[in-house]
Structures are given as C-alpha cells and as structure tokens.
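Visitor: I am new to this structure and would like a short tour. Could we begin with a pocket?

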Amino acid sequence: QVIKCKAAVMWEANKPFSIEEVEVAPPKQHEVRIKIVATGICRSDDHVITGGMVMPFPIILGHEAAGVVESVGQGVTSVKPGDKVIPLFVPQCGECSSCLNPKGNLCHKNDFGSASGLMPDGTSRFTCKGKAIHHFIGTSTFTEYTVVHENSVAKIDSAAPLEKVCLIGCGFSTGYGAAVQTAKVDPGSTCAVFGLGGVGLSVVIGCKAAGASRIIAVDINSDKFAKAKELGATDCVNPKDFKKPIHEVLIEMTGQGVDYSFEVIGRTETMIAALASCQYNYGVSVIVGVPPAAQKITFDPMMLFTGRNWKGSVFGGWKSKDSVPKLVADYMKKKFVLDPLITHTLPLTKINEGFELLRTGK
C-alpha cells in the first residue's frame with residue numbers, strides 16, 4: 001500500500017523546509033520501508049540547503065535516524081517488519097572492491113559522487129502534489145516513513161532507545177570512528193579537534209576512549225568549551241583570542257605539534273590549519289567535515305614531504321552494516337555516552353527551528 005504521511009520537503013535551495021503530506025510508495029525488490037521514530041539534524045543537511053553540497057531539488061533531506069521496519073520488498077532477508085533499524089547513508093553491498101577490502105568502507109553503491117537523489121533503480125519512492133521528490137544519499141529521514149535499499153539498513157538491538165541511538169546513524173559514529181578507526185589514536189598521544197559540534201565532540205569521546213593524554217579542543221564559539229571538557233578535552237582554545245595563526249598556537253602549546261589533528265568543520269582554511277598543527281614528521285591529520293563543493297585547496301607540499309599523513313574519513317571508517325549493530329551494542333553496554341550530544345528535542349513540525357539552533361551554534 002502507498003502510505004500518506006508528513007515530511008519536511010525542501011522545494012528549493014536557501015528556503016525553509018515545508019511540512020507537506022507525501023505519498024511513500026511500497027518497497028520494491030530488495031527495499032525496506034521504515035517508520036522513522038527519531039532523526040538528528042546534521043550540518044551536511046544544511047550544506048545541501050546552502051549549496052555547499054550539490055543535490056537535486058525538490059528533496060527530502062535527513063540521514064541520521066532510527067526507526068522500525070514497516071514492510072519489506074521481495075528478496076529482503078536481513079530485516080523483517082517490526083525490527084528496530086538504523087538507515088545507512090554509506091551502504092554496504094558486500095561485493096564491491098571497497099566492501100571486500102578490509103581497509104575500505106565507502107561502498108561503490110553510495111550516492112555521494114553521482115548525487116542522483118534516486119533509489120538504485122533510478123526512480124523515487126516519494127511523491128508530493130503530483131511531483132516526484134528526490135531522496136538524499138539513500139536515506140531521507142525527515143519524513144514519517146522512508147524507503148531504503150536493503151544495503152542501506154542495519155538491524156539493531158530491540159531494546160535500544162531510538163531517540164538516542166539515531167546519532168549512531170551519522171554524527172557519533174563519524175566522529176568517534178575518525179579517532180579510533182581512521183586515525184587509530186595511540187594511548188598517551190596528543191590530539192587537536194577543530195570544531196565542537198556533535199561530530200567534533202564525538203571525536204573528543206573517541207580520542208579519550210583511545211587513551212589520548214591531551215585533547216585540545218578548538219572552536220571560535222567558547223560556549224562549546226564546557227561540554228568539550230565534560231567529554232574529555234584537556235585544553236580549549238579559541239582562535240579569536242590570538243593574533244597569530246592557530247597552528248602556531250598549537251605548536252607552541254605542544255612543542256612539536258600534535259600527534260593527531262581532526263578537522264570537523266568542512267572549511268578549507270581549517271583543513272590546512274589542522275594539517276599544519278600536527279607533528280611535521282609523523283603527525284596524522286584527518287578531514288572529517290564535508291568539504292565545500294567547487295572549492296580547491298592550495299598548500300605547501302613540503303608539509304607532506306616531511307612525513308605528515310593527511311587522511312579523509314567517511315562515516316568514521318566503519319563498514320556500516322557490520323559496525324552499526326556493534327556500536328549500538330557498545331552503547332547499551334555503556335562503553336560511551338550519547339546523552340550529552342543531545343541538546344534539544346523537537347517535533348518534525350519545528351524542523352526549521354532546529355536548523356536555526358544548528359546555525360547559531362546552540
């Protein structure tokens with residue numbers, strides 16, 4: 001059956017979300033229809049609105065969520081109606097070279113590069129006012145019901161609180177994994193985290209879990225520092241408090257620069273600053289924030305020639321379908337906290353207020 005439900009539709013760029021009644025088609029072969037219970041707001045969604053990440057309109061955004069399977073299409077074996085699940089914006093087909101390589105996690109079936117905004121078969125499952133609405137990176141969670149491919153959903157513990165573990169769908173896993181998976185932070189090391197939103201704070205949690213002895217949190221909004229300290233930051237630095245470039249400040253604080261730095265903002269200037277602030281011979285700098293479309297980066301290649309490592313990390317380097325259920329299990333065993341990352345809880349109808357809170361750093 002077609003389901004009619006509420007969704008937040010983005011008709012065009014730089015406009016507010018419009019709460020509309022949409023029709024959600026039944027799942028086709030190897031597809032799953034999910035009732036979304038909770039969804040987080042992530043800066044990547046905002047990048048689409050502002051044009052920093054190019055996607056086709058109209059679109060239903062949202063990619064960090066948790067819900068319950070409502071129905072499944074033919075051939076689906078990994079989930080059944082009633083299962084608690086997390087949609088995966090990085091799929092895991094299990095067959096492509098990235099899925100088969102132990103070092104890889106960016107499945108070739110992802111919809112970042114092509115940004116088609118469609119299901120793998122090239123069509124949409126959403127209709128509104130007679131128009132087809134695009135999907136967002138295979139998930140589209142700003143709606144009461146969504147349809148995803150079976151490669152893009154993970155079954156999780158039936159006891160998990162969906163309003164908390166939805167963060168494992170993106171923000172938490174992305175930040176935590178950047179530290180423990182991509183960078184493989186060593187015990188006793190020194191780390192710098194640029195940007196203290198939900199993902200940056202999750203990097204802090206990851207650095208602490210990995211045993212870093214010093215975690216320097218960097219943000220131009222000092223209101224973020226109390227929470228960063230609560231989660232494990234040892235020092236907090238606001239670049240606005242200094243006349244000199246921030247990488248020089250960090251090198252002075254540490255003597256040689258940090259062992260690991262993380263850029264969790266998505267700005268080319270801070271990517272360079274993070275690279276420059278890590279130790280010149282064996283420092284590792286990880287790009288976690290989504291880079292802005294159409295922007296290029298210019299840097300002195302000597303920064304890499306001396307031995308620094310510059311890495312990117314998508315979804316924290318986790319193989320999604322394998323790792324998300326394990327991360328949920330770790331949360332249930334209290335191996336990490338999620339509550340401090342949740343600042344507000346709003347109904348779907350107040351999504352525009354939620355984005356205002358994101359943009360104002362609240």
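Guide: The second largest pocket is lined by 15 residues, and K103, Q181, T182, K184 and G317 are the ones nearest its centre. A pocket here is found on a 1 Å grid over the protein atoms alone: it is an open set of points where a 1.4 Å probe fits, with protein on both sides within 12 Å along at least five of seven lines, and lining residues have an atom within 4 Å of a point. Please note that this is a predicted model, in which local features need pLDDT of at least 70 and side-chain atom pairs count only at pLDDT 80 or more, while totals for chains, interfaces and linings use all residues. Residues are numbered from 1 along each chain as its sequence is written, and side-chain values use heavy atoms, with hydrogens and water left out.

Visitor: How do the lining residues divide?

Guide: Three are nonpolar, eight polar and four charged. Ala, Val, Leu, Ile, Met, Phe, Trp, Tyr, Cys and Pro count as nonpolar, Asp, Glu, Lys and Arg as charged, and the others, Gly among them, as polar. Domain 1 (3-171 + 317-360) and domain 2 (183-312) each give the lining at least three residues; these bounds come from an automatic or database domain assignment.

Visitor: Let us change topic. How many aromatic pairs are there?

Guide: A search of the whole structure finds eleven. One of them joins F89 and F112 edge-to-face, at 5.9 Å centre to centre and 85 degrees between the planes. Rings of Phe, Tyr and Trp (its six-membered ring) pair if their centres lie within 6.5 Å; planes under 30 degrees apart count as stacked, over 60 as edge-to-face and the rest as tilted.

Visitor: Where do F89 and F112 lie?

Guide: F89 is in the loop between β5 (84-87) and α2 (97-100), and F112 is in the loop between α2 and β6 (126-128), so the pair ties together parts 23 residues apart in sequence.

Visitor: Is F89 buried or exposed?

Guide: F89 is buried, with a relative accessible area of 7%, whereas F112 is partly exposed at 27%. Buried means under 20% relative accessible area, exposed over 50%, and partly exposed in between (1.4 Å probe, protein chains only).

Visitor: What about Y176 and F336?

Guide: Those two form a tilted pair, 5.4 Å centre to centre with 50 degrees between the planes. Y176 belongs to helix α4 (residues 171-183) and F336 to the loop between α10 (320-332) and α11 (351-359), 160 residues apart. Both Y176 and F336 are buried. Ring pairs also link them with F172, W318 and Y331 in a cluster.

Visitor: Now the strands. How is β8 covered?

Guide: Strand β8 (residues 145-149) has five of its five residues buried. Y145, V147 and H149 lie on one side, T146 and V148 on the other.

Visitor: Which strand is joined to β8?

Guide: Strand β3 (residues 31-39) runs antiparallel to β8, with five bridges between them; two strands pair if DSSP finds at least two bridges. R33 has V147 as its bridge partner in β8.

Note on methods:
Helix = DSSP H or I, 4+ residues; strand = E, 2+ residues; numbered from the N terminus.
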